[in-house]
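Thanks for coming; I would like to take a few minutes to walk through one model, and I will go from the sheet to the helix and then to the ligand. Please have a look at it first.

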Amino acid sequence: MSEKRRPATPWPPVETEAPRFHPEAPGPGTELAMHYAECFGCGDVDNGLHMRSTVGDGGVVYSKFPVTRAHQGAPGLAHGGLLACAFDEALGSAVGNLLRRPAVTGKLETDFLRPVPVGTTLFIAARVDGVAGRKIYASADGHLDSADGPVALRARGLFVQVGLEHFTNHGDPDALSKFTQQPRRREDWDINP
Ligand SMILES: CCCCCCCCCCCCCCCC(=O)SCCNC(=O)CCNC(=O)[C@H](O)C(C)(C)COP(=O)(O)OP(=O)(O)OC[C@H]1O[C@@H](n2cnc3c(N)ncnc32)[C@H](O)[C@@H]1OP(=O)(O)O
């Protein structure tokens, strides 16, 4: 299957600055803990995606999504929406861990290039491409069964920086204490865009 059949569009779509990684961002080789135990992407949720991520060199975060029968759309194949979910998680993990700027997904686009069978593992490489004020642009490739396997998906996401009150006002008043990954303190985030 060709990997060149999608039209190229400029990315990031606006002028950006290079991302500045937080001075205390986890370094290469760090295995990232789940950020919240009930997260569908990385938490201990029944039939969740159970994704695990590791920081690589050069500002790349590698995530693995083991595709099971619980994730099917068509018989034997991963559901597209869940694949998009895996990329949301992988992109969000790169943004959150490398920049330490609280942000939520504003836009997510996914190119589905190959079917992803049950029993395979998707190896996702995500990176932060640029920052324009509160707007953070990130992209990722998903490879079948190994880091250099065939590309099955590509995704691009816009994350919008928010105040920490986004999570407490709109979600759970105790949201900050429920983030299981340290640090949890307000001063550990870069909250000035
Ligand atoms: C301490 C260290 C810990 C580290 C450990 C952390 C680990 C962390 C791992 C997380 C891994 C989970 C990853 C899943 C992440 C989710 O799933 S987040 C959940 C899904 N997303 C949401 O619920 C967001 C819902 N939407 C909203 O709340 C609001 O619409 C938003 C996105 C905050 C934006 O609203 P707003 O603050 O009023 O800002 P707004 O002016 O509308 O937009 C800001 C800018 O973005 C642009 N924009 C916004 N949306 C769009 C769009 N769709 N298209 C184009 N442009 C847009 C606007 O045009 C505007 O641009 P400028 O005018 O500034 O040029």
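Predicted model: local features only at pLDDT ≥ 70, side-chain atom pairs only at ≥ 80, totals over all residues.

**Sheet, helix and ligand shell**

Let me begin with strand β6, residues 135-144, which is joined to β7 by 9 bridges, the two running antiparallel. Within that pairing, Gly 142 stands opposite Leu 153 of β7. Residues are numbered from 1 along each chain, as its sequence is written.

The pair belongs to an open sheet of 7 strands, in the order β1-β2-β3-β5-β6-β7-β4, with antiparallel pairing, where two strands count as paired if DSSP finds at least two bridges between them. At the edges stand β1 (31-32) and β4, each with a single partner strand, so one side of each is left without a neighbour in the sheet. Helices here are DSSP runs of H or I with at least four residues, and strands are runs of E with at least two, both numbered from the N terminus.

Across the chain there are 3 helices and 7 strands, and from the N terminus on they follow the pattern β-β-β-α-β-β-β-β-α-α.

Turning to helix α1, residues 80-99, we have 20 residues reaching 28 Å from the first C-alpha to the last, close to the 28 Å expected at 1.5 Å a residue, the expectation being 1.5 Å times one less than the number of residues. Of those 20 residues, 17 are buried, so α1 is largely enclosed by the rest of the structure; buried means that 20 or more other C-beta atoms, placed from the backbone, lie within 10 Å of the residue's own. After α1 comes Arg 100, whose phi is positive, near 55 degrees.

Which residues are closest to the ligand? They are Gly 92, Gly 96, Val 104, Gly 106 and Lys 107, out of 23 residues that surround the ligand, a residue being included if its C-beta atom, placed from the backbone, lies within 6 Å. The elements giving two or more residues to this shell are α1, β4 (103-112) and β7 (151-161), and the largest share, 6 residues, comes from α1.

Finally, an unreviewed UniProt entry carries the annotation "domain: Thioesterase" over residues 76-140, although such annotations may be inferred rather than shown by experiment.

Methods. Buried ≥ 20, exposed ≤ 12 C-beta atoms within 10 Å, placed from the backbone.
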